[in-house]
Amino acid sequence: QLDYAGLGLSGFSTAGETRVDLDEMRVPIEARAARVVGLDQATGGPLRDLALTGDILIQWPRLVSDNLRLRSRRLNAGLTLVADAEAGRYGGAIDGKLGDYRLESVGLFDVASGARVQVDTSAGVNLAGSVRARSTRISNAGVQSLTGGETVISTDLAYQRNGVTRLSNMRLSSPLLSVKEGGGTYGANGAFDITAKGQSVDYGPLALQLTGTVANPVAVIDAPSPGVGLGLADVTATVRGEEQ
């Protein structure tokens, strides 16, 4: 069992052998874990049966790897690592795909992500990258009616030292709804504050402010000209989600 700041690996094991050289040492990695602990909400469900393979080149105090591969039933990702243990600086990148991401009360998505990570013992963790999600099944009738089918969402993200992830350049495309402008924040406690502006085929221009949590979201939607056949204008709808 490995644990760090609420995250961990259960059923962890690793094995390998290397020839020790004072100038340079290449350490093969073949590690496995039964499950990742503490990331279910961020990864849209549990990650089980993980395998990490590759090798790390050690030229002390530097550690380098460009061929690490992380795989599980839902995850396939490549990792690079550059570290200076003496200075306490660690950096790397991840480029991978995550399947069957379950967004509760909405549906299933396939997610592709690329991110750069830097860890400094004095400054903490910095992460920046982008995420693209494509729907494979929309289970919510309201979302299906609004989007009209397959939905693709993308955003840039930056993880801040206070545990808040900042989202920017948020986009959404679907047959009946498009979003060209959006962004906000997502906290380590699951709270978010997101705004977006888009265009609906059925309801015209829309503006959204989304707050709360995944379990209890609050959406405020402004529709200047919804065009539902009743002559409505400047409509504001407040939608409060509750568990279940």
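Start by selecting Arg-74: this residue is buried (under 20% relative accessible area, with exposed meaning over 50% and partly exposed in between; 1.4 Å probe, protein chains only), yet Arg-74 has no salt bridge. A salt bridge here is a side-chain nitrogen of Lys or Arg within 4 Å of a carboxyl oxygen of Asp or Glu. The nearest side chain of opposite charge, Asp-100, is 5.6 Å away; Lys and Arg count as positive and Asp and Glu as negative, with His and the chain ends not counted.

Before moving on, note that this is a predicted model, in which local features need pLDDT of at least 70, side-chain atom pairs count only at pLDDT 80 or more, and totals for chains, interfaces and linings use all residues. Residues are numbered from 1 along each chain as its sequence is written, and side-chain values use heavy atoms, with hydrogens and water left out.

Stay with Arg-74, which sits in the loop between strand 6 and strand 7 (75–84). Strands (E, at least two residues) and helices (H or I, at least four) are DSSP runs, numbered from the N terminus. Now show Pro-46: its backbone oxygen lies 2.8 Å from a polar atom of the Arg-74 side chain. Leaving aside neighbours within four places in sequence, the contacts of Arg-74 (heavy atoms within 4.5 Å) include Thr-43, Gly-44, Lys-97 and Asp-100.

Next, click on Asp-100 itself, in strand 8 (residues 89–103). Its phi is near 50°, a positive value in a residue other than glycine. Asp-100 counts as partly exposed because its relative accessibility is 45%.

Which kind of peptide bond joins Trp-60 and Pro-61? Zoom in and you will find a cis bond, with omega about 10°. Pro-61 belongs to the loop between strand 5 (48–59) and strand 6 (62–71).

Now select Ala-223 in strand 16 (residues 217–223). Ala-223 is buried, at a relative accessible area of 8%. Not counting residues up to four places away in sequence, Ala-223 touches Pro-205, Leu-206, Ala-233, Asp-234 and Val-235.

Finish at Leu-146, which lies in helix 1 (residues 141–147). Leu-146 is partly exposed, at 31% relative accessibility.

Note on methods:
Polar contact = N/O pair within 3.5 Å; in protein donor to acceptor, adjacent residues only side chain to side chain.
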